[in-house]
Amino acid sequence: MSAKGHCLCGEIQELTRDFNGSIIGVLHNIQEKYGYLPENILREVAKETGFSLIDVYSVATFYKAFKLEPKGKHVVCVCTGTACHVRGSDKAVEELSRMLGVDPGDTTSDGQYSLETVNCLGACALAPLVVVDDHYQAQVTPAKVRKMFQEYAANSSEANLPAGR
Amino acid sequence: MINFTLNGLDVAVEKGFTLLEAAKFYGIELPTLCYNEALSPYGACRLCLVEVGIPGRSRLVSSCTYPAGEGLYVRTHSNRVIETRKLLIEMYLATCPGSKTIQDLASKYHVTRVRFKQKHEECILCGLCIRMCREQMQAKAIGFVERGGFRRISTPFEKKSEECRLCGGCMYICPACQARCQGPQEKSAVCNACLNLSPPCLERFDEMMCYMDPCVACEQNSRGEKSER
């Protein structure tokens, strides 16, 4: 969906409909709709809600959940919490980073994958944990990462990576 | 009126006074970096800290944000306060050694060394410029972005802000912007530039008097002549 080029009035009304003095809910609505926070939408929302633009921007940059850049089609999220770190999540990050050719936090140039790290997903028994498009891959090793991507390449017509359970 | 104990004296201030205002009212000087009378208190720099409570059950609070309360036992220059304040100044020196305000504080409070990893930042995140922009200039052009170690002051989307009128209020009020005077040891983190000069004024604080404002010691000797460097 394009966030440019046409009148946004209706969309802004829709996005801010449950605005109750807190901007975070509105930002969640925007992110849900566009996958990230487009600048022109944030400007319109600031006008609509009466928040100053810098306040909106402060909140948007404060929380890791909000993205100001478009995310890739598939989001690969590696847990780097204590348990995952101890069990070698950094190796999984390294391997993913090498395979995708991007640093953690970035998106591949073809817009297919975003590589992210998160501090804890609360599933420490599965450490180290990688989440690909809401599919949880438990006890990930570099070898398993490579296998995951081979399987994905084989089923590349599917939108998601196969669940690794 | 609110009655409480300030450095052993029974004092009374009007309701709504903060401890910093009360201390100022009674002539007790407390150092501050993020405080300005015309702006809302923020409690970011912690330099105005005081000890509240009886010994053994006391705690350190920032006096600029702590309201004066009935029966408080407040000490502004206890050993704990002085030591903590020196440590704070030392950390500011480690962050921002290029600031005259901070160098002057260091000289005034006898901070002569830095035990932390030396950085050369240009901002101490005191938030004065943001409050100036917001409260006095009614502009809301700048604010904090990101968080934790990446926190910094910026405009929306890192672009020139439409709200900004280039008034310069942010630079006027910044305690880190004014460059320190260039003394004989300008390469080191602690200025102490005035150590080797005879003071032109009556007061003497361990030979360091760079905090005199304007700082004439770096430029002149006691006879008003330009010193030889």
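The model is predicted: local features need pLDDT of at least 70, side-chain atom pairs count only at pLDDT 80 or more, and totals for chains, interfaces and linings use all residues. Residues are numbered from 1 along each chain as its sequence is written, chains are lettered from A and ligands numbered from 1 in the order in which they are written, and side-chain values use heavy atoms, with hydrogens and water left out.

Let us start with chain A. Its secondary structure comes to seven helices and four strands, where helices (H or I, at least four residues) and strands (E, at least two) are DSSP runs numbered from the N terminus. Read from the N terminus on, the elements follow the order α-α-α-α-β-α-α-β-β-β-α. Of the 165 residues in chain A, 41% count as buried; buried means under 20% relative accessible area, exposed over 50%, and partly exposed in between (1.4 Å probe, protein chains only). Chain A exposes about 8900 Å², and carbon and sulfur atoms supply 50% of that area. If we take the contacts (heavy atoms within 4.5 Å) in chain A between residues at least 6 apart in sequence, 60% of them join residues at least 24 apart.

Now for the interior. In soluble globular proteins, nonpolar side chains tend to be buried together. A nonpolar core here is a set of buried Ala, Val, Leu, Ile, Met, Phe, Trp, Tyr and Cys residues joined through side-chain atoms within 4.5 Å. The largest such core has 24 residues, and B:Leu33, B:Leu47, B:Ile89, B:Tyr92, B:Ile102 and B:Ile124 touch the most other members. In chain B, helix H2 (79-95), helix H3 (100-108) and helix H4 (128-136) each supply at least two residues of this core, with the largest share, five residues, coming from H2(B). Domain 1 (2-77) and domain 2 (128-173) of chain B both give residues to this core, so it lies between them; the domain bounds come from an automatic or database domain assignment. Apart from this core lies another, of 22 residues, among them A:Ile12, A:Ala46, A:Ile54 and A:Val59.

A:Glu39, A:Arg43, B:Lys159 and B:Glu162 are linked in a network of salt bridges.

Another salt bridge brings together the side chains of B:Arg134 and A:Asp55 (3.0 Å, N to O). This pair crosses between chains, from helix H4 of chain B to helix H4 (residues 53-62) of chain A.

Finally, A:Glu116 forms a salt bridge with A:Lys67, with 3.8 Å between the closest N and O atoms. A:Glu116 lies in strand E2 (residues 113-118) and A:Lys67 in the loop between H4 and strand E1 (74-79) of chain A, so the pair ties together parts that are 49 residues apart in sequence. A:Glu116 is buried, at 14% relative accessible area, whereas A:Lys67 is partly exposed, at 22%.

Technical notes
Areas by Shrake-Rupley, 256 points an atom, 1.4 Å probe, with all protein chains shown as cover. Salt bridge = Lys/Arg side-chain N within 4 Å of Asp/Glu carboxyl O.
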